[in-house]
Amino acid sequence: MSTALDPQRTIAELEELRGFSADVHGAQRIAFTPMWVKVREWLTSKLAALPVETHVDAAGNLWSTLKGRSEKAVLIGGHMDSVPNGGWLDGCLNVLAGLEVLRRIAAQYDGVPPVTVRLVDWADEEGARFGKSLFGSSACSGHLDMNEARALVDRDGIGLPEALKRVGIDFEKVRDSRRELANAVAYLELHIEQGPVLLDLDLPLGVVLGTFGVERHAITFHGQAAHSGSTPMNRRRDAFLAAARMSPEIYEIAKRHGGVCTIGSCTTKPGIVTSVVEECRITLDQRHLDASALARLHADAKAASERFAREGNVELAWERLWSIEPVLFDPQLKRFCREAIEETCGTVHELPSGPLHDAAEVARAGVPTVMMFVQSLHGISHNKIEDTKREHLALCVTAFDKLAEKTIRAHA
Ligand SMILES: [Zn+2]
């Protein structure tokens with residue numbers, strides 16, 4: 001067996017996977033479905049050629065362990081599941097690159113590396129079926145809200161606990177998955193960027209600094225319905241006007257503090273052509289890598305809404321829908337990641353991740369974590385047109401392998 005890393009094999013395996021798990025609309029590797037089970041069987045058969053122990057944990061995550069001289073474990077992770085009509089790289093590039101890295105390590109160290117190395121395929125990262133992402137990794141980190149998860153149902157009315165039972169998982173025990181992190185000293189995740197930053201810089205690879213914190217709120221302005229013909233402009237209590245003024249304002253706020261702000265939805269009542277809007281509800285999603293800057297984004301939006309409500313003589317109510325703190329990755333691992341990219345392709349860029357990833361859950365569980373991004377063509381993901389240049393795929397496997405080796409040596 002050759003001891004050399006073979007990035008072309010990863011590309012061939014990605015093509016092989018696409019060959020049986022995608023249709024004309026894109027990838028169909030939706031978690032807990034028969035196709036997902038088939039994809040897992042395919043992955044397990046690849047792992048069987050290695051001197052590893054493979055098992056599924058209490059939350060349905062697949063772990064493959066190459067025992068080293070030390071119990072200390074370096075984890076490499078990704079997710080084989082996809083959204084419906086998804087891309088061919090999201091999640092599975094990480095796992096298949098990890099598989100190739102595991103092969104190289106097993107060969108180079110005659111099956112016994114200085115530290116234990118484990119590959120994990122997280123269950124249901126996308127949350128496509130039940131609308132809740134990061135299922136397996138949040139069960140493992142201990143952050144899964146059991147009451148909320150117990151009540152989730154899919155489009156066909158099947159509850160999450162029932163769907164899990166069908167693939168042999170006992171919902172009430174999923175947080176036992178936590179024990180898998182017992183000896184973890186590092187967690188490494190490679191991922192396609194899913195955005196246009198590296199593409200615009202014409203760079204193949206980047207170090208991910210962390211994942212954005214998120215503040216997600218519904219803002220409701222309440223005025224008075226009134227006849228659109230008989231109510232003079234100066235007598236109106238127009239809820240829509242107050243809400244609409246928030247739209248240009250969030251661009252100013254983001255310009256001031258950085259980060260991103262999105263008004264993603266707007267509903268009006270009574271919502272008819274002949275009435276001034278009585279009630280207007282908008283949703284606001286704000287994200288930033290820095291916790292204090294995120295707090296300023298939120299505070300400025302709140303102050304602006306209060307001003308517009310006062311000026312428009314309408315009432316105002318805020319409701320928090322969801323929030324999460326920013327997650328910053330480990331300084332030493334970020335340095336290894338930077339070095340690995342520099343050695344592979346010369347130039348390195350550091351960027352935050354807008355989307356959440358399993359890596360954020362592992363980091364929140366206290367395991368030192370880092371992610372590496374590879375450029376996305378078109379800057380598009382969760383779509384069948386998702387793609388990355390073949391030469392960039394090869395580079396990312398090479399750089400990710402160097403990151404793994406540096407991490408192993410630091411803990412040897
Ligand atoms: Zn992903």
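The legends below describe close-up views of a predicted model. In this predicted model, local features need pLDDT of at least 70 and side-chain atom pairs count only at pLDDT 80 or more, while totals for chains, interfaces and linings use all residues. Residues are numbered from 1 along each chain as its sequence is written, and side-chain values use heavy atoms, with hydrogens and water left out.

**View A. The zinc site, with donors from His79, Asp90 and His191.**
The zinc ion is coordinated by NE2 of His79, OD of Asp90 and NE2 of His191, at 2.1 to 2.2 Å. Donors are N, O and S atoms within 2.8 Å of the metal (3.2 Å for Na, K and Ca); water is not among the atoms, so sites may look incomplete. Along the chain, the donors have the spacing H-x10-D-x100-H. Distant parts of the chain are linked here: His79 is in the loop between strand S5 (70-78) and helix H3 (92-108), and His191 is in strand S7 (residues 184-192), 112 residues apart. Helices (H or I, at least four residues) and strands (E, at least two) are DSSP runs, numbered from the N terminus. Both His79 and His191 are buried, where buried means under 20% relative accessible area, exposed over 50% and partly exposed in between (1.4 Å probe, protein chains only).

**View B. Helix H10 (residues 291-312) and its buried face.**
Helix H10 has 22 residues, which at 1.5 Å a residue should span 32 Å; the C-alpha atoms at its ends are 32 Å apart, in agreement. The expected span is 1.5 Å times one less than the number of residues. Buried residues of H10 are Ala293, Leu294, Leu297, His298, Ala301, Ala304, Ser305, Phe308, Ala309 and Gly312. Seen down the helix axis, the buried residues of H10 fall within an arc of 150°, so they line one face. The arc is that of the directions from the helix axis to the C-beta atoms. An α-helix has 3.6 residues a turn, so residues three or four places apart point the same way. The elements packed against the buried residues of H10 are strand S9 (213-222), helix H8 (239-244), helix H9 (246-257), strand S10 (260-269), strand S11 (279-288) and strand S12 (315-324). After H10 comes Asn313, with a positive phi near 55°.

**View C. Aromatic pairs and a charge over a ring.**
The whole structure holds 5 aromatic pairs. Rings of Phe, Tyr and Trp (its six-membered ring) pair if their centres lie within 6.5 Å; planes under 30 degrees apart count as stacked, over 60 as edge-to-face and the rest as tilted. One of the pairs is Phe32 with Phe135, edge-to-face, at 6.0 Å centre to centre and 85° between the planes. Phe32 is in the loop between strand S2 (26-27) and helix H2 (34-47), and Phe135 is in helix H4 (residues 135-141), 103 residues apart. Phe32 is buried at 5% relative accessibility, and Phe135 is buried at 2%. Another pair, Trp122 with Tyr187, is tilted, with 6.2 Å between centres and 55° between planes. Trp122 is in the loop between strand S6 (115-121) and H4, whereas Tyr187 is in strand S7, 65 residues apart. Trp122 and Tyr187 are both buried. Phe32, Trp36 and Phe135 form one aromatic cluster. Elsewhere, the charged end of Arg18 sits over the ring of Trp88, 4.1 Å from its centre; this requires NZ of Lys or CZ of Arg within 6 Å of the ring centre and within 35 degrees of the ring normal.

Lys46 lies in helix H2 and is buried, with a relative accessible area of 17%. Glu405, in helix H13 (residues 390-411), counts as buried at 11% relative accessibility.

**View E. Two loop residues, Leu152 and Gly142.**
Leu152 is in the loop between helix H5 (146-150) and helix H6 (160-166) and counts as buried at 16% relative accessibility. Leaving aside neighbours within four places in sequence, Leu152 is in contact with Phe130, Lys132, Ile158, Gly159 and Leu160. Gly142, in the loop between H4 and H5, is partly exposed at 34% relative accessibility. With the sequence neighbours within four places left aside, Gly142 is in contact with Arg175 and Arg178.

How values were computed. Contact means heavy atoms within 4.5 Å.
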